[in-house]
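Subject: Structure handover

Dear colleague,

I am handing over to you the structure we spoke about, and I would be grateful if you could look through it with the notes below at hand.

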Amino acid sequence: MPLETELEHFKTIKPELLRHHKEKYALIVGTELLGVFDNPQTAYAAGVQQRGNVPMLIKLITEEERTESVPAMTLGLLRARP
Amino acid sequence: MAGPCLPVQVEVPPALAAQLQQTGQAVPAPVAGFALVDTGASVSAVDDTVIQQLGVQPIGMVPVGTAGGPQQQAIYPGRFTFPGTTLPAIDFGSLLGCNLAGQIVAIHQGPLIALLGRDLLQSFVLVYNGPGGTFSLSF
């Protein structure tokens, strides 16, 4: 899975991030927290500036992660034929 | 395939375009196709092959609900522009990668490359005129 290291590191530091930066966005490359930002666009700009075009984790610091829903894709509805 | 579709160009995020230019690298050309307005989607999505063409790297994994339970899927940054319309360019903090291969918008004879979900629609007014066979998207 992509970003496995970053996701693991996020899990480790999440309690601390929640205490000080709730509802902000964490930027992580490898096991390094590069910063905390107000929105994902500024986090991405900082990540690209510092590390270039590499995989990076930009994660909303929140208690519970939302599950996204795209039924047309996940249920194969786009490929359905009458 | 019918439905509310509009022309779209998917581009690398401005921050990446600037970084590539600064380092003397070519900025990948935008990928053109059509986007389907999908009010059932909580997030907007873009075809995986478009992501590959643009060379954009993942910025996260998110759980996506499926019939078999939530599955982790990669998200990417990206910019949408809408040629031939007055809609503004949209910079996405996260776009879901998905498989739209082979989906053709028949009326336009062009490939479907993106789904416009509620993360985008929350900034627009969508009017769907079923009997008239038209729709409008305004901001």
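Glu68(A) touches a group of residues of chain B, namely Ser42(B), Val43(B), Val62(B), Pro63(B), Val64(B) and Gly65(B), if residues up to four places away in sequence are left out of the count. Please keep in mind while reading that this is a predicted model.

To place this residue, Glu68(A) sits in the loop that runs between β3 (57–60) and α3 (71–74) of chain A. Glu68(A) counts as buried because its relative accessibility is 9%, and the cut-off for buried is under 20%. Its side chain makes a polar contact with the side chain of Ser42(B) at 2.6 Å, and the side chain of Glu68(A) also makes a polar contact, at 2.9 Å, with the side chain of Arg66(A).

Two or more lining residues are given by each of α1 (4–21), α2 (40–51) and β3 in chain A, and by each of β4 (60–64), β5 (71–81), β6 (90–98) and α3 (118–121) in chain B. The largest share of the lining, seven residues, comes from β6(B).

Turning to the strands of chain A, β1 (residues 25–29) and β2 (residues 32–37) pair in the antiparallel sense over five bridges, and within this pairing Ala26(A) has Val36(A) in β2(A) as its bridge partner. The hairpin that β1(A) and β2(A) form has two residues between the strands, and Gly30(A) takes a positive phi near 65° there.

Finally, a word on the cysteines. Over all chains, the structure holds zero disulfides. Cys5(B) is in no disulfide, and the nearest cysteine sulfur to its own, that of Cys98(B), is 13 Å away.

With best regards

Notes:
Residues are numbered from 1 along each chain as its sequence is written. Chains are lettered from A and ligands numbered from 1 in the order in which they are written. This is a predicted model: local features need pLDDT of at least 70, side-chain atom pairs count only at pLDDT 80 or more; totals for chains, interfaces and linings use all residues. Side-chain values use heavy atoms; hydrogens and water are left out. Helices (H or I, at least four residues) and strands (E, at least two) are DSSP runs, numbered from the N terminus. Buried means under 20% relative accessible area, exposed over 50%, partly exposed in between (1.4 Å probe, protein chains only). A polar contact is a pair of N or O atoms within 3.5 Å; within protein, one must be able to donate a hydrogen and the other to accept it, and residues adjacent in sequence count only if both atoms are side-chain atoms. Contact means heavy atoms within 4.5 Å. Two strands pair if DSSP finds at least two bridges between them. A disulfide is a pair of cysteine sulfur atoms within 2.5 Å.
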